[in-house]
Amino acid sequence: MHLLYQIFIDPFVQMGHAPDLLMQTLWEGLVAGVLYSLIALGFVLIFKASGVFNFAQGIMVVFSALTLVGLYAHGVPAFFALGLTIGVMFLLALAVERFVLRPLVNQAEIILFMATFGLTYILIGFGELIFGGDPKVMITDQLLLPSGSYTIKMLGGFVQMQKIDIAAAVIASLMVASLAVFFQKTRIGRALRAVADSHRAALSVGISLEYIWVTVWFAAGIVALATGIMWGARSNVSFALEIIALKALPVLILGGFTSIPGAIVGGIIIGVGEKIGEFYWGPLFGSGIEEWFAYVIALVFLLFRPQGLFGERIIERI
Amino acid sequence: MRAPGGPDVAVGDVLLSVENVSLTFGGVKAVSDVSFDIRKGEIRAIIGPNGAGKTSMLNIINGFYHPHLGRINFKGETRSKMRPHDAAYGGIARTFQNVALFRGMTVLDNIMAGRMLKMHKNFFWQLLRFGPATTEEVENRHRVEQIIDFLKIQEIRRTPVGRLPYGLQKRVELGRALAMEPDLLLLDEPMAGMNIEEKEDMSRFVLDVNDHYGTTIALIEHDMGVVMDLSDRVVVLDHGIKIADGTPDEVSADQGVIDAYLGVAH
């Protein structure tokens, strides 16, 4: 009886008693969620256009952030370094298309998936070789990203909001909006969807796979860079960041692998769910449930909507 | 034996010729030393028993396979291999033996995808959905609606193609190829798996495309009745080798062809 009370009643009583704490938790969840969304977005882009689950997305985040910080450390001015990093991500997209994807055209998806594993380890090795393995500090100030925080008085208490988090939310929203429009409204977007559906058919109507793949990998690279800057600003830039990419998995399950809005909503549900779960239900389990709570949420969703919240309906004629 | 009447397109110059083409997969010869040509405005059939190399031949023509020996001459330009993108750009459209459509997209979007190469406007205009891009979208949409009318698939235009029965999927695939306004249309078994009524419809469409648009067509077909009715000239392959080439009457009277189809005592 006491346990049921602790699970179903007590947390809500606490929320009611201290609404400012609830708001603070919600805000932190929202921010974490936005960053999860950004990572998931990188996956969705590549999955949409090539049907490949790109295992290397996490390491692309680390690699782009390392490149940016590394270039700055070598005396390149911050914004010039940013431009150069974008250039590097473009070269990476070209190289991936030429040396990984092109030789594997028309191969089964699992083979392309395995190839992205290979890519992950190449990038880890390459990154360590050039930039070293030690954690670095993101150059937030030099990129004119705001620091400090706002403290807002509300609900009989205070809610603290980091400015960098607000900036992250704004940048992520802009990025998502422009990508959604790009996919839905342009000829290139239609070509991307066509390639995702059938390589052969896309080739036969004159869509160049090379061009499409470079485009999506480049877009995913830009998203990775934005993610890297934002995550790097919160912690450090190190290879440990790669682990957060695993958080994208429940987000994708929730949102659907092919939906950009799904990545956003999924990210926010996971982020908020995680923080709320940790804060109010965590003590019951001796805390630390943040690590696995996301997967529980995803599992529950899978039971009811296997295609995710926004995934394309699985249409099959039997 | 073409249907009499109608403004038959004059069969003219050579549009595409395949010269001494060979293709091997490992040790298997899919096509060996095959030469034939396709003339402007004709319906050219490629027939042969299973495994004769017919589909390989189509794949070579539109650049899915690259021949190991030989050349392809298309519109006066000779090359040893095509790339699919170049083939499409040059005006070769095709359908596939086992339907290759964009299953998640609607009929309309599938056929619009065929207009991809006809739309050139800068994508910044498209992002804004403004100015020249809008006009272009409208023009292309208009052409696509004409094709939808022509193929009589108005009522399913908003349906995702994955839900359609096979016969209709084949028709949508033809629509997508037509949307490219090709000079050469390659049809890989357009009537496979269809019932008699569907076959008759499809034959009608093929003839109409050839008559109205003057499109040159090369098709692979198993149904000999269909081949005899539709085609102007027939090339027969067997085990990757060309064994006959001529009008339907000539080919069906050829002893080598009869042997290939019926088997011969050794």
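This is a predicted model: local features need pLDDT of at least 70, side-chain atom pairs count only at pLDDT 80 or more; totals for chains, interfaces and linings use all residues.

1. The two chains meet through an interface in which 30 residues of chain B are in contact with 24 residues of chain A. On the side of chain B that touches chain A, the elements giving two or more residues are helix 2 (84–90), strand 6 (92–94), helix 3 (107–113) and helix 4 (123–128) of chain B. Helix 2 of chain B gives the most to that side, with four residues. Sorted by class, the side of chain B that touches chain A has 18 nonpolar, six polar and six charged residues.

2. As to chain B as a whole, its secondary structure comes to ten helices and ten strands. Of the 266 residues of chain B, 43% count as buried. Among the contacts in chain B between residues at least 6 apart in sequence, 68% join residues at least 24 apart.

3. One sheet of chain B is open and has four strands in the order 2-1-4-5, with antiparallel pairing. Strand 2 and strand 5 (77–79) of chain B each have a single partner strand and stand at the edges, so one side of each is left without a neighbour in the sheet. On average, and with direction ignored, neighbouring strands of this sheet are turned by 15 degrees against each other.

4. Within that sheet, strand 1 (residues 14–25) of chain B runs antiparallel to strand 2 (residues 28–39) of chain B, and eight bridges join them. Two residues lie between the strands of this hairpin, in which Gly26(B) takes a positive phi near 60 degrees. Strand 1 of chain B also pairs with strand 4 (residues 69–74) of chain B, in the antiparallel sense and over five bridges.

5. Strand 3 (residues 43–47) of chain B pairs with strand 8 (residues 216–220) of chain B in the parallel sense, over four bridges, and in strand 8 of chain B the bridge partner of Ile46(B) is Ile220(B).

6. Is helix 1 (residues 54–61) of chain B mostly covered or mostly uncovered? Helix 1 of chain B is mostly covered, with seven of its eight residues buried; these are Lys54(B), Ser56(B), Met57(B), Leu58(B), Asn59(B), Ile60(B) and Ile61(B). Gly63(B), which follows helix 1 of chain B, has a positive phi, near 90 degrees.

7. In chain A, the axes of helix 3 (residues 57–73) and helix 5 (residues 109–131) come within 10 Å and cross at roughly 20 degrees, which makes helix 3 of chain A roughly parallel to helix 5 of chain A. The crossing of these two helices is left-handed. Among the residues that meet in this contact are Phe63(A) and Leu66(A) of helix 3 and Leu123(A) and Ile124(A) of helix 5. The residues of this contact divide into nine nonpolar, three polar and no charged.

8. Helix 3 of chain A also packs against helix 9 (residues 209–234) of chain A, their axes coming within 7 Å and crossing at roughly 65 degrees. Helix 3 of chain A and helix 9 of chain A are therefore roughly perpendicular to each other, and their crossing is right-handed. The residues in contact include Gln57(A), Val61(A) and Ala65(A) from helix 3, and Ala220(A), Ala224(A) and Trp231(A) from helix 9. This contact divides into nine nonpolar, six polar and no charged residues. Met60(A) and Val62(A) of helix 3 are listed both in the contact with helix 5 and in the contact with helix 9.

How values were computed. Residues are numbered from 1 along each chain as its sequence is written. Chains are lettered from A and ligands numbered from 1 in the order in which they are written. Two residues are in contact if their C-beta atoms, placed from the backbone, lie within 7 Å. Ala, Val, Leu, Ile, Met, Phe, Trp, Tyr, Cys and Pro count as nonpolar, Asp, Glu, Lys and Arg as charged, and the others, Gly among them, as polar. Two strands pair if DSSP finds at least two bridges between them. Axes are lines fitted to C-alpha atoms, for helices over the stretch in contact, and angles run from 0 to 180 degrees between N-to-C directions. Angles under 35 degrees count as roughly parallel, over 145 as roughly antiparallel, 65 to 115 as roughly perpendicular and the rest as oblique. A crossing is left-handed if the near helix is turned anticlockwise from the far one by less than a right angle, and right-handed if clockwise. A residue is buried if 20 or more other C-beta atoms lie within 10 Å of its own, exposed if 12 or fewer, and partly exposed in between; C-beta atoms are placed from the backbone.
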